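Here are my notes on this model.

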Amino acid sequence: MTTTGTTPSQRYRDSFPTPVEDFAIEGIDVLDVPLHSAVLPPSELHPGGSGLGYGATREEARTGAMGEMAEMALSLRAHQGVAREQGSYAEMTRRHGRDRVADPRELCLEAGSDHSDDRVLQWLPMTRLRDGETVQVPAELVASAPDDLPGAPPPGGWLTTVITNGQGAAFDAGRAVTHALLEVLQRDGNATAFRVMDRGVVVDLAGLTDPDALALLDRLDAAGIDVAVKLASTEFGVVDVYAVGCSRDGSEPVPVMATACGEAAHPDRDTAVRKALHEFASARSRKAFMHGPFDVVLPATPPGYLEHWRGGHPPERLVEEDRALQAMLAWTRMGTTALVDLLQDTVLSRRSTVALADLPTWSGDDLHATVTGAVQAAGHDVLVELQPSVGDAVAAKVLVTGLEVETMSYGRIGERGVRRLVEHDEGLAVVGADPGGWARVHLTPAAEERLGGPAWFDRAGAERRVGALYALYREPGRHVVAEVLASEAGAS
């Protein structure tokens with residue numbers, strides 16, 4: 001399949017049917033760092049997918065776009081026509097044995113949701129990394145998009161909302177799994193530590209040596225853009241950081257650009273900072289491209305792109321995500337200055353400083369062994385589904401027992417999330433008696449014993465805390481905001 005000298009982006013492209021439509025997105029932001037789009041249109045040969053990528057070079061950005069496209073496309077392809085086993089957790093453990101069925105309570109469920117051992121679910125197999133055994137997992141946790149679950153849901157509906165967490169792509173299984181696992185760790189580390197829960201812990205970048213990161217910091221400064229790299233966590237020996245900021249003069253042409261954020265998790269501090277900064281820089285253009293009006297998008301795309309996209313991808317306003325669309329529309333209408341004011345006490349806050357030199361560093365040669373080893377040594381199981389292509393590319397979906405995600409958007413929380421909220425006295429979680437109307441956290445008996453009793457999460461309080469900033473958590477689909485703005489303009 002490959003030949004000497006073939007670029008990584010081309011190896012991805014060669015793993016899928018033609019045509020793959022890809023192009024550079026240029027001219028949206030004064031910074032204009034490399035940002036790339038890749039789209040595999042749906043066809044009889046493949047269900048299709050799309051991705052956006054970034055990097056220090058055009059090839060890095062193109063590779064990232066192709067990799068993200070591969071994650072989506074291979075996940076869709078892997079689940080087409082696959083039979084899902086149906087049964088309750090109690091039934092499944094009788095059929096397969098308790099050690100071969102994942103306990104949903106260990107996979108971060110929505111607090112207060114209607115789950116019990118007797119609720120009928122649909123299940124898909126994953127592989128447990130530590131022993132290679134097959135483990136049955138609720139299908140909506142294996143899936144990464146609603147389209148990954150064709151056909152009817154179980155009788156009581158899906159257990160939780162499908163999310164894209166824990167996806168990776170590469171040219172070998174180990175790297176794909178590592179990429180996916182680092183994403184899981186990144187989102188676990190910042191689940192209740194950034195966005196509206198931002199603790200304002202800024203990383204002092206003195207001593208940063210990565211040349212690409214240093215060059216980008218200079219470009220940002222010259223462009224009048226202030227950026228702060230913030231620390232979320234160093235658990236498992238992984239540096240979990242995120243980069244946020246905006247222009248000094250409020251000159252973002254599309255307000256949502258001021259909410260740009262770059263996230264990264266890696267055992268090496270410089271590598272994590274480099275990734276977070278480049279993702280932040282590209283996120284300015286990405287957010288404008290995804291959610292800006294058509295007159296902003298059109299000059300940044302090749303002739304015919306928008307007509308083709310609008311014809312083949314009608315916007316779907318999913319009921320559960322309409323809140324995200326309305327929040328994004330509100331930002332658009334309030335303008336950049338007002339949105340920046342809204343972010344001052346959270347996203348843009350600076351309350352304390354930590355030295356980069358005090359964060360973990362790593363120079364090993366086996367990233368997969370380092371990261372998986374640390375997670376498993378802490379008592380967490382890594383569950384994997386591999387999704388091969390017809391070429392070199394392979395994607396992976398990874399779940400990790402006990403790790404957290406989407407607490408402030410969907411109310412998904414477990415033992416770790418309860419501990420963190422209680423430790424930081426956020427007023428959103430308690431252990432013991434229900435304060436009155438709070439949602440019970442789904443925990444195993446062992447987890448409740450470790451915490452000292454049942455745990456409760458204030459979902460209404462979390463919703464109030466998020467308030468007008470919900471679109472920091474969930475964004476509407478590509479160009480949906482532009483479609484709404486265009487229809488409003490046409491009606492006026």
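1. A disulfide here is a pair of cysteine sulfur atoms within 2.5 Å. By this rule the count is 0 disulfides. C108 is in none; its nearest cysteine sulfur, in C261, is 19 Å away. C261 is also in no disulfide, and the nearest cysteine sulfur to it, that of C246, is 13 Å away.

2. This is a predicted model: local features need pLDDT of at least 70, side-chain atom pairs count only at pLDDT 80 or more, and totals for chains, interfaces and linings use all residues. Residues are numbered from 1 along each chain as its sequence is written, and side-chain values use heavy atoms, with hydrogens and water left out.

3. Buried means under 20% relative accessible area, with a 1.4 Å probe and protein chains only. C108 is buried at 4%. C261 is buried at 19%.

4. Now the sheet. Strands are DSSP runs of E, at least two residues, numbered from the N terminus; two of them pair if DSSP finds at least two bridges between them. An open sheet of 3 strands has the order β1-β2-β3, with antiparallel pairing. β1 (21-24) and β3 (49-54) are at the edges with a single partner strand each, so one side of each has no neighbour in the sheet. The twist averages 10 degrees from one strand to the next.

5. β1 and β2 (residues 35-40) are joined by 4 bridges. F23 is opposite S37 in β2.

6. Helices are DSSP runs of H or I, at least four residues. Contact means heavy atoms within 4.5 Å. Axes are lines fitted to C-alpha atoms, for helices over the stretch in contact, and angles run from 0 to 180 degrees between N-to-C directions. α2 (residues 58-79) lies across β1, β2 and β3, at about 150 degrees to β3. α7 (residues 269-291) also lies across β1, β2 and β3, at about 130 degrees to β3.

How values were computed: Buried means under 20% relative accessible area, exposed over 50%, partly exposed in between (1.4 Å probe, protein chains only).
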